[in-house]
Amino acid sequence: MSAMLLNKDKWPEFVGKLSGKVWVPKVEEGEAIRFGPLSGEESKLPEYCNTRVPPKEIVFPETETLYCFQADEHEMTAPEIDERKIIIGIRPCDARAMKIVEKLFRWDVDDPYYLKHRELVTLVGLACNAPGLNCFCTSVGGGPASTEGLDIIMFDLEDRYLLETITEKGEALLKEVEGLLEEAGQDVLAQKEKLIEAAENKISRSVDTEGIAEGLPGLWEDPLWKRVSASCLGCGTCTYLCPTCHCFDIQDETEGFEARRYRTWDSCMFEEYTRHASGHNPRPTRRERTRNRINHKYSYYVDKFDLIACVGCGRCINYCPVNIDIVEILRQVKEAL
Amino acid sequence: MSEDFEPNIVAFLCNWCSYAGADLAGTSRIHYPANIKVIRVMCSGRVNPLYVMNALQQGADGVLVSGCHPGDCHYMEGNYYARRRLGIFKDLLEFVGVDPRRFHMSWVSASEGHKWKEVVEKTVEDVRAAGPFEGFRRRQIDW
Amino acid sequence: MDLEQLRKTAAEVVAKDDVKYLIGWKKGTYGYRVSPVFIENEADTEDLIFSPLCTANLVTYLTLVEKPPLPRGQKPDTRKVALMVKGCDSRAVAQILVEKGIEREQIIVIGCPCPGVIDVNLLVAKYPEVAENTELKWSGEDFVLIRGGEEIPVKREEVLAEKCRLCRYPNPVVSDIMIGEPVKPWQTEEDTGVSELEGKNVAERWEYWEEQFARCIRCYSCRNVCPLCYCEDCILDRLNPTWINRAVNFSENTAFHIARAFHLAGRCVECGECERVCPVKIPLGRLNRKLAREVRDNYGFEPGLDPDGKPFQASYKPDDPEDFIL
Amino acid sequence: MKTSENPYIPYLATIENAWYETGGERCIKTFKVVIDDKEVRENWNHCPGQSAMIGVLGVGESMISISASPTEGRFLRFSVMRMGKVTQALHQLDPGDKMTIRGPYGNGFPLEEWEGKHILTIGGGIGQAPLRPIIEYVKAKQDLYAGLTMIYGARTSGDLCFKDEFTEMSKCDDLSCHLTIDIEEEGWEHNVGFVPQMLLDLNPSPENKIAITCGPPIMIRFVLENLKKLGFADEQIYTTLENRMKCGIGKCGRCNVGNLYVCKDGPVFCYSVLKNVPEAFA
């Protein structure tokens, strides 16, 4: 696999030559809130640690039409998914999350929508030089320069980018812009190693996951769940901003004779998520719901797919309105084991 | 604005006054524009602002709510509540950027067939001037 | 504020048999964060703090209490709940009392006169957050940041939250116990957020909100954090009939925000929580403050001041304005 | 995207017959449906205990257990209680109307494993629906099983489903049918009392038996207790669970009890598995 250099001056040219819709982090209200299609005005990537809304929405749209029909007819047509997308600047944790979630969408029955989106997307990641305050990717199997799930990884070397291809798809992408790149020398690769090490050292938070997956079910009735969920508001911020949360709801909507069935993100932190039509709710309070969220990520998923469904991006910690901190919860879990 | 544009207007009429007023207009053969789709409710106080919003979402270009004159409400005070509620709602719609000409409220009594005609004409004229309302349609994106 | 006095009072309150717990603030897990805390015994009152970082409105927890079905024979816990409130928070208490959402005897309100809290985004932009928990204190007119043994003065106008710039009630309007001396209300600023939008024409406003609402991810944190959004069966969760679809697109998002703002018309106490918690930074406060302004100017009504008053939307005056009626 | 490769796109089916099993606010209506597409109909293969997502276009879908045994013919039966938005819409359907079907989903009962054994079904209310296919199946293949005992209860005689079929059942030698209602009623010839108590009264020996129970959670809890009292081993006890579901194929994430997805790992669970899952009887 190749390692190439791209001068930052050539950025507009670089993104202009790629075949497919390019998505980059977009700054709104003074902050990189989410990824959006390139508008042509950007001359470089913005300054960002990570976007607030993860790029999972590109492969798993918040609302996606499953099929449309006419209210008085029974002909169902699924939308065609055929747009090639290139996500530039996705952080390694978010790319890793896609790889983790893909396991579920491939489990037993393939999910045609997710897999089609995933097939059509090329991930050009940007390694983190300055991880955020609440990043703990190194504790859950990732790292600031993890290549899992990525097709290309970029390193920010101040005035230029180092691009390393990881997959065939990435290799093919670089072919399209060959003229703009130059071969990277050994010195650059050494510089890269230093950057990675420096970034890893900047990660201040950590979780000791040893024994958690096996131990969590044993803590079912532990008082810790009451404690950590006491201040929970029951909103969906933690799950909607989580790159690995993948639960959805299916609903119908109509306007006149036109109708569609769509799926839309749902959150296990909502009360009606598990509520039966009879009114009975197997998870009646936020204690059970918080417990399920942690268990799902750190125990059930490990059981099924041998992976922790958390990539340590820190979003749920950063944006929880009441400072519910998953690292702290896991520390308490560990203590209770 | 296109001259051919025929607005779609949903009107919520109270059973006791405005509906009877519209009925009177009909039986008296007073001509008024046919753009109004009437929905009869028991009282203007029953009109939840969500109805107005939903009508706009489902393709109405304008909405009219009409009830009894203050003091004449069959339920004594329903229209007073409606006035307060929908007055605030109108301010809200305007602040969000919905053309104020799209939402009207009126008092039409059972004997005011002519007033009904005037109200409808004014509403249709206003909505026509405001043009088609596509921005808020539920089906604005390709499903 | 005298923390010693606060903790002592809190300990006395919690020690009472008929008090279930006290809701207050404690240091968060990192940086400038503060988290709500539920204190059940006297020893834990040591954790209590009250500082310019205590932005969260704790009143929401009064109505957020879950009532799962009780095992047969078990009686519901009817002990009182004590909670700490700032000026704006106390208005929420008053408003809920007006609506009979809670009973006065069921709560013990510990009033904390508030010289103004910060907007964490402004603070972070000026003084980047560090992993270690950092204290911020009031100091005269301004604030002082205590980090690594060092005291850094912070100018009030640099970091003050928007809601506090507009605040007219820094002292609790409802309280059983008051901690410290009342603060002197300050000169409020012009609500530029609302006025600026009012100055635009309808099309421009639509464009503005289109951009804002399109961003909404419908996590409902604005609804859940709101002390006055406490319907047991929220219109947003209701499926039959579905007034607002769960689909996330501009049409439904707008419907959601219009419905939310409308349901808070004449009820919103401008505590600014919805805006603070929004993960995609939608300036929701502007919608609410606009309606609050209309209600104040046109109907002479201000919510959350008189616990014995009547709710705005469930009352009327025969001479309410009707210039908009044909 | 090809429809056949898309697990979210349902098949269309026509309602051949529909009738009310019970009355009242939460009435139960049974639909006999035939899948429209001939190829799908011929290849449709479900086993007792499996469920399907049935729905009405424009309203939504619900996971409902298939209450017909494959031995009955190339049609499906669903007994639906009127509860929420979808089931209300389903109840409006009449013979000739269309409904949508996806499935079959879930694991079903391990009927081959049970060959040679005596089957004991313990049902309550609408919980009889997933048990009906086993009863039909065992009836059709009587020589493969040692016998069948059915215990079925409901609040009143009017709340019992599939009433006509019981009289027919009691005529067979190897099959025995025990009915109970909660409250005394005029003209009722069978037992009065709760299902778990009736189980104790009948006192079946656990030898060479498989017990399957389905009904309201509270009934299941006591039935399990009583089965243990009677000496049934965990491996001899099966139950079916239900949870709110949306996708039916293990993606949407909401139907899990502990680390098990009801839609894929269930709905049929052996008690030996379930007793280790703390959330199962929540």
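I start inside chain D, where 15 residues of domain 1 are in contact with 14 residues of domain 2; contact here is C-beta atoms, placed from the backbone, within 7 Å. The domain 1 side of that contact divides into five nonpolar, eight polar and two charged residues. For the classes, Ala, Val, Leu, Ile, Met, Phe, Trp, Tyr, Cys and Pro are nonpolar, Asp, Glu, Lys and Arg charged, and the others, Gly among them, polar. Domain 1 of chain D runs 3-105 and domain 2 runs 118-240, bounds that come from an automatic or database domain assignment. Over C-alpha atoms, the centres of these two domains of chain D are 24 Å apart.

A word on the model. It is predicted, so local features need pLDDT of at least 70 and side-chain atom pairs count only at pLDDT 80 or more, while totals for chains, interfaces and linings use all residues. Residues are numbered from 1 along each chain as its sequence is written, and chains are lettered from A and ligands numbered from 1 in the order in which they are written.

Now between chains. Which of the five touching pairs has the most contacts? Chains A and C do. There, 33 residues of chain C meet 35 residues of chain A. Strand 2 (34-39) and helix 9 (221-225) of chain C each give two or more residues to that side; helices (H or I, at least four residues) and strands (E, at least two) are DSSP runs, numbered from the N terminus. Strand 2 of chain C gives the most, four residues.

Against chain B, chain C puts in 30 residues and chain B 35. On the chain C side, helix 10 has the largest share, eight residues. By class, that side has 21 nonpolar, four polar and five charged residues. Chains B and D do not touch, and their nearest C-alpha atoms are 14 Å apart.

Last, strand 4 of chain B, residues 103-107. Why call strand 4 largely enclosed by the rest of the structure? Because five of its five residues are buried, that is, 20 or more other C-beta atoms lie within 10 Å of the residue's own, with C-beta atoms placed from the backbone. Phe103(B), Met105(B) and Trp107(B) point one way, His104(B) and Ser106(B) the other. Strand 4 of chain B pairs in the parallel sense with strand 3 (residues 62-67) over five bridges; pairing takes at least two DSSP bridges. Val63(B) stands opposite Phe103(B).

Key:
Contact = placed C-beta atoms within 7 Å. Buried ≥ 20, exposed ≤ 12 C-beta atoms within 10 Å, placed from the backbone.
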